[in-house]
Amino acid sequence: MDNAAVIKEYYEILARKDIESLGKYLHEDVEFRAPLAKHKGKADVLEATKGFAGFFKELNIRTSFGSGDQAVLLYDLVFPEPVGNIPTASVMIFRDGLVSHIELFYDARPFEKVNS
């Protein structure tokens, strides 16, 4: 399976909030970075993802593409108000056929409304 297909499948599983099934894609030393979080290691990333999945309402995939050991997925995350819709990009880097790095890009400002 090519990396673009893997990232799409990974996020389809996340959209269903089936966190346990995501583990088969992750390298033991996976690193996760986002504007509001950083995690290292498979267990830590899965635990953080479990909490995150409980917060969003919908995950709608727009497109995915890959080249070499990297893949990118563009999607929309829909959260309860006051956050709303957050356009997001995910970049994955693969090592030994597994995801070794995940980095998210999104505007974190709408989350400030949650704490006000």
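User: Where is Ser-100 found?
Analyst: Ser-100 is found in strand E6. Please note that this is a predicted model.

User: Is Ser-100 buried or exposed?
Analyst: Ser-100 counts as buried, because its relative accessibility is 11% and the cut-off for buried is under 20%.

User: Which residues is Ser-100 in contact with, leaving aside neighbours within four places in sequence?
Analyst: With those neighbours left aside, the contacts of Ser-100 are His-27, Asp-29, Val-30, Glu-31, Ile-93, Phe-94 and Arg-95.

User: Glu-31 is on that list. Where is the place of Glu-31?
Analyst: Glu-31 belongs to strand E1. With a relative accessible area of 27%, Glu-31 is partly exposed.

User: What else is Glu-31 in contact with?
Analyst: Beyond its neighbours within four places in sequence, Glu-31 is in contact with His-39, Lys-40, Ser-100, His-101 and Ile-102.

User: And how many residues apart in sequence are Glu-31 and Val-91?
Analyst: Glu-31 and Val-91 are 60 residues apart in sequence, and their C-alpha atoms are 12 Å apart in space.

User: Let us step back to the whole chain. How many helices and strands does the chain have?
Analyst: The chain has three helices and six strands. Along the sequence, they follow the pattern α-α-β-β-α-β-β-β-β. The radius of gyration is 14 Å, close to the 13 Å that the globule rule gives for 116 residues, so the chain is as compact as a globular protein of that length.

User: What box do the C-alpha atoms fill?
Analyst: Taken along the principal axes, the C-alpha atoms fill a box of roughly 45 × 25 × 20 Å.

User: How many of the residues count as buried, as a percentage?
Analyst: Of the 116 residues of the chain, 42% count as buried. The chain exposes about 6,400 Å², and carbon and sulfur atoms supply 51% of that area.

User: What about contacts between residues at least 24 apart?
Analyst: Such pairs make up 45% of the contacts in the chain between residues at least 6 apart in sequence.

User: How far apart are the mean positions of the positive and negative charges?
Analyst: The mean positions of the 14 positive and 18 negative charges are 3 Å apart.

User: What does Leu-26 touch?
Analyst: Not counting residues up to four places away in sequence, Leu-26 touches Tyr-10, Lys-42, Val-45, Leu-46, Leu-98, Val-99 and Ile-102.

User: Next, Ala-89 and Ala-43. Which is buried and which is exposed?
Analyst: Ala-89, in strand E5, is buried, with a relative accessible area of 17%. Ala-43, in helix H3, is exposed, with a relative accessible area of 62%.

User: Which residues does Ala-89 touch?
Analyst: Ala-89 touches Leu-73, Leu-74, Tyr-75, Glu-103, Leu-104 and Phe-105, not counting residues up to four places away in sequence. Ala-89 and Phe-55 are 34 residues apart in sequence and 18 Å apart, C-alpha to C-alpha.

User: How far apart in space are Ala-43 and His-27?
Analyst: Their C-alpha atoms are 10 Å apart, with the two residues 16 apart in sequence.

User: Let us turn to the backbone. What is phi of Lys-17?
Analyst: Phi of Lys-17 is near 60°, a positive value in a residue other than glycine. Most residues other than glycine have a negative phi. Lys-17 is found in the loop between H1 and H2 and counts as partly exposed, at 35% relative accessibility.

User: What about phi of Asp-96?
Analyst: Asp-96 is not a glycine, yet has a positive phi of about 55°. Asp-96 is found in the loop between E5 and E6 and is exposed, with a relative accessible area of 65%.

User: Lastly, is the peptide bond from Glu-81 to Pro-82 cis or trans?
Analyst: That bond is cis, with omega near 20°, whereas most peptide bonds are trans. Pro-82 is found in the loop between E4 and E5.

Definitions and conventions. Residues are numbered from 1 along each chain as its sequence is written. This is a predicted model: local features need pLDDT of at least 70, side-chain atom pairs count only at pLDDT 80 or more; totals for chains, interfaces and linings use all residues. Side-chain values use heavy atoms; hydrogens and water are left out. Helices (H or I, at least four residues) and strands (E, at least two) are DSSP runs, numbered from the N terminus. The radius of gyration is taken over C-alpha atoms; the globule rule is 2.2 Å times the number of residues to the power 0.38. Buried means under 20% relative accessible area, exposed over 50%, partly exposed in between (1.4 Å probe, protein chains only). Contact means heavy atoms within 4.5 Å. Accessible areas come from the Shrake-Rupley method with a 1.4 Å probe; for residues, only the protein chains shown count as cover. Lys and Arg count as positive and Asp and Glu as negative; His and the chain ends are not counted. The place of a charge is taken as NZ of Lys, CZ of Arg, CG of Asp or CD of Glu.
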